[in-house]
Amino acid sequence: PAFSLAKVGGKELYRYALEGEEVNVEPKRVTVLSCDVLQFDERLAVEDALPEGLAAAVAGEGVKTLTRVRVLVQCIGGVYIRSLARDIGADLGTSGCLGQLVRLKGGPFELDDCLRLENVADRMGAGEDPGSLLWPLSAIAPEDARLSLDPKQLALVRSGQAIRRFRHNLPPGA
């Protein structure tokens, strides 16, 4: 999608989009393991299908009804779900956009492993140590994997940034 971190010519697509520049992006091959339709609602009144402000804007364009399709997608990393929604819409002979995205699983983590932001705020407000709300780094690595970080790498991890094996000479499997 135009508003993404994918790069063309060393520059993120969202930067081009913000500057109003159109960029030719070559399609990339992705792996979608399954795409199951969970719900298909045709001819929904715009005000029933969209939040109030957006519904008014869409209705102002003369749109009276919408079709909403809920799908469950199982895919491998690198799939832009917004682009998939656009493509499904095109295959149905119309426009498509993403209205809601819920990631059910990422790596070893599932939705039940997650905390809602409100719960984090409540627990921290009750004096709980923020560190107790985080998974240890070992949760995403095999038990026998060991990783030593220098101070710069540790600062990156603590600020939520990725460290890459090729950039930091990490051991294989880390």
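Trainee: Where is the place of Leu111?

Mentor: Keep in mind that this is a predicted model. Strand E6 covers 109–110 and helix H5 covers 117–125. Leu111 sits in the loop between E6 and H5.

Trainee: Is Leu111 buried, partly exposed or exposed?

Mentor: The relative accessible area of Leu111 is 40%. Buried would need under 20% and exposed over 50%, so Leu111 falls in between. Call Leu111 partly exposed.

Trainee: Which residues make the nonpolar surface patch of about 410 Å²?

Mentor: Patch members need over 30% relative accessible area, and Leu111 has 40%. Leu111 is one of the residues in the patch.

Trainee: How far apart are the C-alpha atoms of Val23 and Val102?

Mentor: Along the chain, Val23 and Val102 are 79 residues apart. Their C-alpha atoms are separated by 29 Å.

Trainee: And what does Val23 touch, not counting residues up to four places away in sequence?

Mentor: Val23 is partly exposed, at 28% relative accessible area. Leaving out those sequence neighbors, Val23 touches Val8, Leu13 and Tyr16.

Trainee: On to charges: how many salt bridges does a search of the whole structure find?

Mentor: Side chains of opposite charge can pair when their charged atoms come close. Some of the pairing here is a network linking Lys11, Glu19 and Glu21. Over the whole structure, the search finds seven.

Trainee: How many residues apart are Asp41 and Arg68?

Mentor: The side chains of these two meet in a salt bridge, at 4.0 Å from N to O. The pair links distant parts of the chain, with Asp41 in strand E3 (residues 32–45) and Arg68 in strand E4 (residues 65–75). Arg68 is partly exposed, at 34% relative accessibility. The separation between Asp41 and Arg68 is 27 residues.

Trainee: What is the N to O value for Asp87 and Arg86?

Mentor: Asp87 is partly exposed at 35%, and Arg86 is partly exposed at 43%. Their side chains meet in a salt bridge, and the N to O value is 3.0 Å.

Trainee: Which residue does Arg123 form a salt bridge with?

Mentor: Arg123 is partly exposed, with 32% relative accessible area. The closest N and O atoms of the pair are 2.9 Å apart, and the partner is Glu128.

Key. Residues numbered from 1 in each chain as written. Predicted model: local features only at pLDDT ≥ 70, side-chain atom pairs only at ≥ 80, totals over all residues. Heavy atoms only, no water. Patch = residues over 30% accessible without salt bridge, like charges linked within 9 Å, V, L, I, M, F, W, Y side chains within 5 Å. Areas by Shrake-Rupley, 256 points an atom, 1.4 Å probe, with all protein chains shown as cover. Helix = DSSP H or I, 4+ residues; strand = E, 2+ residues; numbered from the N terminus. Buried < 20%, exposed > 50% of the residue type's maximum accessible area, 1.4 Å probe, protein only. Contact = heavy atoms within 4.5 Å.
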